[in-house]
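Q: I would like a close look at a single part of this structure. Please go through its contacts, then turn to the chain around it.

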Amino acid sequence: MARIAFIGVGNMGGPMARNLMKAQHAVTAWDPVEAALADIVEAGATQAASAAAAVKGAEAVVTMVPAGAEVRDVYLGAGEVLDAVKPGTLLIDCSTIDVATARDVAAAAADRGLEMVDAPVSGGTGGAIAGTLTFMVGGPDAAFGKAKPILEHMGARIVHCGPAGNGQAAKVCNNMMLAVSMLGVCEGFTLADNLGLDRQTLFDVVANSSGQSWAVTSYCPVPGPVPASPANNGFQPGFTADMMVKDLRLARDAAMKSGTGTPMGALAEALMALHVAGGNGPRDFSSIIETIRAGG
Ligand code: NAD
């Protein structure tokens, strides 16, 4: 049993922290949103009064906050985590953020003699609850070796992607591919509706054909074929459209910095931003099917 500080216990961090407790780890949690913190405390975590207080005496710190600005704030800014941890504490950031911030924070940790990995995830809230997430990990071999047994309590696949920042690089490529494929799936189901083709029939064909993808078989954007998909509950997230726009911006930033042409990613970002401008930011990103339908 280890003492683990968990910072950011929202849609993803909450169930991830629960899985650490199920594995008999002692979790101390901090989140500025009272309801999120109360939820995890009710599940057995110790409540901390700040990020710095949460990490005092911890053997490992896991962070799961929205974006790079919050990660910088938690570790280097007001959160004071790098100054508050004891020597030898392992730092694991699971948030999806830009590669440059991940590398900056890891370098600041290394300057203080601390080991850190970036370990963004794929698998959504369903994977977080089930403990079946995929972790894409960037960082030195030794830090990866220490992080792996902790991550295994929250995920089914733990992939070492290379040095600091490479986990984020893998994540940004994955999510750009997800957005592009989801848009294709939404167009396909909209076209099927307009051609009088039954949705379940299209699903049955595509799920076993070359149009198959995770967006179809795990996250189908029409109600019915995949009962657990957000389309069945009014597009409650899940993974919000706001978060997807954030990730597509990270992808664009990475593409520009590396001189990579990603026209499909750029189009996905424009369509998703239009959807968010229509007031859909807090809804699941697969609700983009409504904007696609409205455009027809
Ligand atoms: P969320 O908004 O539900 O949770 C984030 C939590 O961080 C919130 O409870 C918020 O109060 C807290 N927070 C914000 N600033 C903080 C700070 N300075 N200190 C401590 N806590 C702070 O978001 P989420 O859906 O859980 O996503 C978290 C991260 O995981 C994001 O980077 C997201 O891109 C990534 N992600 C999400 C999903 C998904 O399906 N939701 C899937 C993969 C990756």
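A: A polar contact is a pair of N or O atoms within 3.5 Å; within protein, one must be able to donate a hydrogen and the other to accept it, and residues adjacent in sequence count only if both atoms are side-chain atoms. The model is predicted, so local features need pLDDT of at least 70 and side-chain atom pairs pLDDT 80 or more, while totals for chains, interfaces and linings use all residues. Numbering runs from 1 along each chain as its sequence is written, and side-chain values use heavy atoms, without hydrogens or water.

The part in question is the ligand site. The ligand is surrounded by 25 residues (a heavy atom within 4 Å). The closest are Asn 11, Met 12, Asp 31, Pro 66 and Thr 96.

Asp 31 uses its side chain: an N or O atom there is 2.6 Å from a ligand oxygen. Pro 66 uses its backbone, with an N or O atom 2.7 Å from an oxygen of the ligand. On its own, the ligand has 820 Å² of accessible area (Shrake-Rupley method, 1.4 Å probe). The protein covers 87% of that area.

Now the chain around it. An automatic or database assignment gives domain 1 (3–162) and domain 2 (169–293). Their C-alpha centres lie 27 Å apart. Domain 1 puts 12 residues into the contact (heavy atoms within 4.5 Å), and domain 2 puts in 9.

Between them, about 960 Å² is buried (accessible area, 1.4 Å probe, lost on being put together, summed over both). Carbon and sulfur atoms give 66% of it. There are 3 residue pairs in polar contact between the domains, both residues at pLDDT 80 or more.

Definitions and conventions: Buried area is the accessible area (1.4 Å probe) that two parts lose on being put together, summed over both.
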